[in-house]
Amino acid sequence: MMSAPARSHSFDFGHDRHLTALLCSCYCCKLAGSAVGRHFPYTESSMDDILPPATRQPQAATPWNYKLDHAFDEMFAAQNELREHYGPLLEHFTALPQDEVQRRKQAADLSFLNQGITFTVYGREEGTEKIFPYDLLPRIITSAEWSKVERGLTQRITALNLFLKDIYNEGRILKDGIVPREIVYSCQHFRRQMSGLQVPRNVYIAVCGTDLIRLENGDFVVLEDNLRVPSGVSYMLTNRRVMKRIFPQLFRNYNVKPIEQYTQLLLGTLRSLAPEGRPEPNIVLLSPGVFNSAYFEHAYLARQMGIELVEGRDLVVHDNVCYMRTTSGLRRVDVIYRRVDDDFIDPLSFRSDSILGAAGLFNAYRAGNVTLANAFGTGVADDKALYAYVPDIIRYYLSEEPVLNNVETFLCTREKERNYVLANLDKLVVKAVGESGGYGMLIGTQSTAKERELFAEKIKANPRNYIAQPTISFSRAPCLIGDELEPRHVDLRPYVLYGDKVTIVPGGLTRVALKRGSLVVNSSQGGGSKDTWVLS
Amino acid sequence: MLSRVADSLYWMSRYLERAEHATRLLDVNLNLMLDESPTSSDHRWLRMLAALGNPKRLKWNGNPYELARNLTFDTSNKSSVVSCIIAARENARQVREQISTEQWQKLNSLYIEVTRPEVKRAMQIEANAESGEGPTAFLQEMMEAVHQFQGVTDSTMSHGEGWQFIQVGRYLERASGMRLLLEAYHGDVWSHPDRVPEGNEYLDWMGLLRSATAFEAYCKVYTADLTPERILEFLLLDSEFPHSLRFSIDSLQCALQAIQEKSGKTRAEELNRIAGRLSASLGFASVDEILMGDLVDYLHGIQRQCQAIHQTIYHLYVDYPIQAALAG
């Protein structure tokens, strides 16, 4: 934790007395409702002492949109009450002249463009490349907050791995009636082919990206577990690199925990999963190819780890051994970090119309000659209906209380809860379990009576397919919008690795809904990202 | 190196070489057109199409600007210049992490430039008015961009296996383009050795040399005194000029040997043999002997050997049967 500077605020910001009499440029003076309020964070020698109240400019002269609402704000505890760990950031930022801020913003954009951190937008004009929107202000998490998140995520991935091992083998948790059989077996990501299979080190989920949000009381809760092929980690790494270049001094003063070791840790995790008797395993990253929107990330990770980026057509399976085609002949592959969904990975075992995988790969996997990370069938544990059982799963396997809670979830398969959902459709968010990206969703507060009626029918027809959650306003963090700081909703996706042990690089990807009031952080719908600083 | 990567680099390079070659032929012929009567022009444009291998969908209809436009921009024609650039860029995109950022940016900006609709429109207006300077400036830019790409490739990419595959693609394409060019000119230049020059062949011969950027280099060796035998000797057998057939084959063989050393293929004997034989036969050939025989036959022979080299490369490095690879 950094110590707060002991100097007075007005001195620190370098106000010139004559100028401030006309226009105070510091952000704290522009806060809504701060006309007669205290100046933060250090009130001993505030503007009130320096200037007679009559000379102050009215609010209208300084456009300022930082208005708090009921959502948790990352920077302000209350109106005019700055959270201590955001002090130096706000101070640094306020001291920068406006054109300097814009210059640094442009430098950051250019840096992304030059590094090729772009996604391709296909339309009539072929090959228009856009950068992933990026916000200049870091999101700051204190070390106490982080250690709880870290404990919670470690607990969660451990329990979910045990759960996967259990349901694909003995099924104790099903026999004991903790999780209903029908929830597991009716899940579209349940893979019967995995039954009775011993996976290396019993690790099903080697890489996961869990979406966390902060409730109004500031508690981190889990919104979603992504246990199949989570993406976005390349943005976490490149955001940091750019941030260090743009704000070196600020970064140093903050004592931020490093994240650059991620690729090395990922490589180590993959290596630890290699089949027995392969001391120098050949590790590859399997990508669906250049048309996939995450292709940049695949290429980036492969390059950073120094492993080969392969596509399905590069792989051949012969006698249950997987090889890649190289110019010097076939080379055996031991570990595949796959970024291709279960369905597409082997046309013989899964979807027969897929050309993204390699025929026979699943058999090679079954035979133990090649490891895939993540394993097949992990999607059953991030099913939206199963999600509601995760706290019970944690209690069952670890005999511990969950460190990180779930968002309150109503399962439409349970009669009582279904009745509650049907009676309160106008207040709840209803989600289809198999869908993602905002499809098949009803946001009660923004819906029409007709839509609700339609959804009620759907829920009654297929209760297994629907869950409901209360409308939650996740926390907001300051973002640079134009020339102003404005609050925007953010989530957090830390990346958890599980090989020999669980490792989580401190931080993750903070996604921002850049549109005012929006809760959608998805990049295709006006979302962006920002660097996440975990303090040491 | 992955076979797929080698394949993409090879084709990226071939397509760029092809685009450059077509651009140059077009540029040279548009220039020559200004100096001659419309009657002889039919013959020359048909000959240019023959030198490009008579691309499907491309017909001579008497309007050189229309032909130029189609040859440059018609993306329904796979051998148009823009089609080649698109194909090259697509191949580069698939191996984006294997080439340098500088290479990618150069190729990508060329691609963005040639696919801008305004460029096509501007060329159309000029062609209709026949008043503007014509597409010459655009064609010059195109060739420059390809040359810059080659320069950037040489100075920013490791000269490892991938770079060698780029060389293989470039020189195989260049050899095959030169073979077609010589064949197209055969009827006019070498088929009647006893014919006395009428005096107006000079422009035509100069055009042939320019089509291979060889005019200045030729003059340094033989002075500006152009004769059919010397032209053939220079374009076919010169050991130092980078567009001569012999130079292309020598470079090709060099790159293949480097690849073989790097990939440690023991089964590369066949490839060595055919590439080495072709290289040696060009090294020890004499132009008089070639002209005494049937030149077209001779050129066809070279083409067959180039094809064999291409197939053997594929069989060895890219599309090999699994059983053979497992055996050794």
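How many residues of chain A are in contact with how many residues of chain B? It's 22 residues of chain A with 21 residues of chain B, where contact is counted if C-beta atoms, placed from the backbone, lie within 7 Å. This is a predicted model, in which local features need pLDDT of at least 70, side-chain atom pairs count only at pLDDT 80 or more, and totals for chains, interfaces and linings use all residues. Residues are numbered from 1 along each chain as its sequence is written, while chains are lettered from A and ligands numbered from 1 in the order in which they are written.

**View 1. The side of chain A that touches chain B.** Helices (H or I, at least four residues) and strands (E, at least two) are DSSP runs, numbered from the N terminus. By class, this side has eight nonpolar, seven polar and seven charged residues. Ala, Val, Leu, Ile, Met, Phe, Trp, Tyr, Cys and Pro count as nonpolar, Asp, Glu, Lys and Arg as charged, and the others, Gly among them, as polar.

**View 2. Domain 1 of chain B against domain 2 of chain B.** Chain B splits into domain 1 (1-157) and domain 2 (159-328), with bounds from an automatic or database domain assignment. Their C-alpha centres lie 21 Å apart. Domain 1 of chain B puts 25 residues into the contact and domain 2 of chain B puts in 23. On the domain 1 side, α1(B) gives the most, with 16 residues.

Conventions
Contact = placed C-beta atoms within 7 Å.
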